[in-house]
Amino acid sequence: MRKVLIVDDEKLIRKGIRTILERNFNDLDEIKEASNGKEALDILFSEKIDILILDIRLPQIDGISVLKKIQNLQRKPKVVIISGYDEFSYAKECMQYGAKGYILKPIDKKELIEIVEKVKEEIVQEENNLRLISFQRIMKLKMLEAEINNIIFSGLEIERFKERLKELEIPIEKKVYSIYVLRCGDVSEQTGFGTEEERVKLSKILSGESYISTIYNHRKDILVLSEDTNCFENIGKIYLNNIDKRVYIGICDLPQYFDEIKKLYENSFKTAIYAFASNKNIEFWSSIKWREEEKINKFNNIEKLKELILAGKQKEAISCLENVLCNEFFMKSAAEDILNVTKTLYSNVVEWFCHHVPKKVLDFHEYQKLSDIFNFSSVSEYVNYIKKFVHEATEIVISLKGILSIKDEIDEAIKFINLNYHKDINMAMVANHVSLNYYYFSSIFKEKTGMSFLDYLNKVRVEKAKELLAKTDLKVWEIASKVGYKNPKHFARIFKEITGLTPNEYRDVQKSLQE
């Protein structure tokens, strides 16, 4: 789309130029007119004009002043000067400010057409050059983006990465800052600008050599590498003004050489995680790197949480979850621990539970969102959602006791114990035999039999031992071995705890009864 602006204080001259252009150029989409310099500047600074046909002598602001004022325009128009014979010295000055042609009044139609044609060709050539340069830069950035993702995710060797940087003419001796833009929430529902639009917006505020890469994850996070410290605040503004996306920005403000790309990525990504954890829009690596040394162990409580859910103890389960996901955990833990704990909560509690209850009882898809904490816009949203799961899971356990029966599994477990009591068996072995989780099996077994697994196993073994003591002459240590005890003293202690008698006392009582 080509726009032309004709500036002359004489209306007839303006109309004459317009007529010549309209009759000889079909690709001029819009021709505007201005009668003085001020009016011309208002148009030039509010619209993109491709060709400016400008008289030197103008009221209010003359043509040379107009030229001077538009020198800082990002896209300056091609200028054709029109003037009288006595204004040639002024015309020469205009040429110094980039004017492309000079026409004397009265205007010669042929001369005007030739100059406008020449100017149009220059515009086309420049646009082609810009496209080529832009295409080359885009390809260079795409190749760099691929290499950055290779070294992050595919283990590309650093020496190979250095070679690629040289091929892309990126100096590895320069130090750069890294800025990580972490997208959060349901990415599929976000309606803000896309990745390419983000690149354009970011490139406008980045000075010097800066590089923008999309990270190849489902969120399409952004990594910026730049020498420009002034861009930190501006990058934040780009995203804060876009209410459709919630992002957290991590800035590694301790520069590294470009070939330390993995460290730059890791440090800025971790910083973005800390921004998310503390609900801050922007965080700086220099302020929070101390957290990398912090160790807060929450993994033991995760197993306890599963056991409480399976026991249907709702208040205790919620309390346990709050202990795991407490404020101190998010404000002080290392980034890696935050990710590991939340992922373990999903795999060992949420996913496990969802796969062990009927689909009609619990919709697993609803809770798949918990697989990644960054599927939520904030920590509080994540915590509330997993609390919702714990609440629903314990409600299911409570309501389905007796309905969600595993009588067959417990019967099979009892059968297995009765057949294998004399072997070196334990609860993990039996739970695995009936395909139930260790903690779930422990809770349900006790509920169904009225005693713990170990108490039940000892009861079976002692009953078998009583038969052997009453009906055989085997020695006590032999009987202990036959019913599954390696240590005769341990057998004797268990036997007395259950019967109130030692094995020998029990044998003596049985003999006297038989006599």
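Which strand order does the open sheet of five strands have? The legends below answer this and turn to other close-ups. This is a predicted model, in which local features need pLDDT of at least 70 and side-chain atom pairs count only at pLDDT 80 or more, while totals for chains, interfaces and linings use all residues. Residues are numbered from 1 along each chain as its sequence is written, and side-chain values use heavy atoms, with hydrogens and water left out.

**View 1. An open, mixed sheet of five strands.** The order is E7-E8-E6-E9-E10, with mixed pairing. Strands E7 (210-214) and E10 (282-284) stand at the edges with a single partner strand each, so one side of each has no neighbour in the sheet. On average, neighbouring strands are turned by 20° against each other, direction ignored. E7 and strand E8 (residues 222-226) run antiparallel, joined by five bridges. Tyr211 has Leu225 in E8 as its bridge partner. Strands (E, at least two residues) and helices (H or I, at least four residues) are DSSP runs numbered from the N terminus. Two strands pair if DSSP finds at least two bridges between them.

**View 2. Helix H9 on the sheet.** Helix H9 (residues 261-277) packs on this sheet and touches strand E6 (175-184), E8, strand E9 (246-257) and E10. Contact means heavy atoms within 4.5 Å. The direction of H9 makes about 145° with that of E9. Axes are lines fitted to C-alpha atoms, for helices over the stretch in contact, and angles run from 0 to 180 degrees between N-to-C directions.

View 3. Five of the five residues of strand E3 (residues 51-55) are buried, so the strand is largely enclosed by the rest of the structure. Buried means under 20% relative accessible area, exposed over 50%, and partly exposed in between (1.4 Å probe, protein chains only). Ile51, Ile53 and Asp55 cover one side, Leu52 and Leu54 the other, and all are buried. Strand E1 (residues 2-7) runs parallel to E3, with four bridges joining them. Val7 stands opposite Leu54 in E3. E3 also pairs with E4 in the parallel sense, over five bridges.

**View 4. Lys78, a buried lysine in strand E4.** Lys78 is found in strand E4 (residues 78-83). Its relative accessible area is 9%. Lys78 is the bridge partner of Ile51. The side chain of Lys78 makes a polar contact with the side chain of Glu126 (2.4 Å). A polar contact is a pair of N or O atoms within 3.5 Å; within protein, one must be able to donate a hydrogen and the other to accept it, and residues adjacent in sequence count only if both atoms are side-chain atoms. Leaving aside neighbours within four places in sequence, Lys78 is in contact with residues including Asp50, Leu52, Lys100 and Glu122.

View 5. The structure holds 19 aromatic pairs. Ring centres of Phe441 and Phe445 lie 5.4 Å apart with planes at 40°, so this pair is tilted. Rings of Phe, Tyr and Trp (its six-membered ring) pair if their centres lie within 6.5 Å; planes under 30 degrees apart count as stacked, over 60 as edge-to-face and the rest as tilted. Both residues lie in H19 (residues 438-449), four residues apart, about one turn of the helix. Phe441 is buried at 0% relative accessible area, and Phe445 is buried at 0%.
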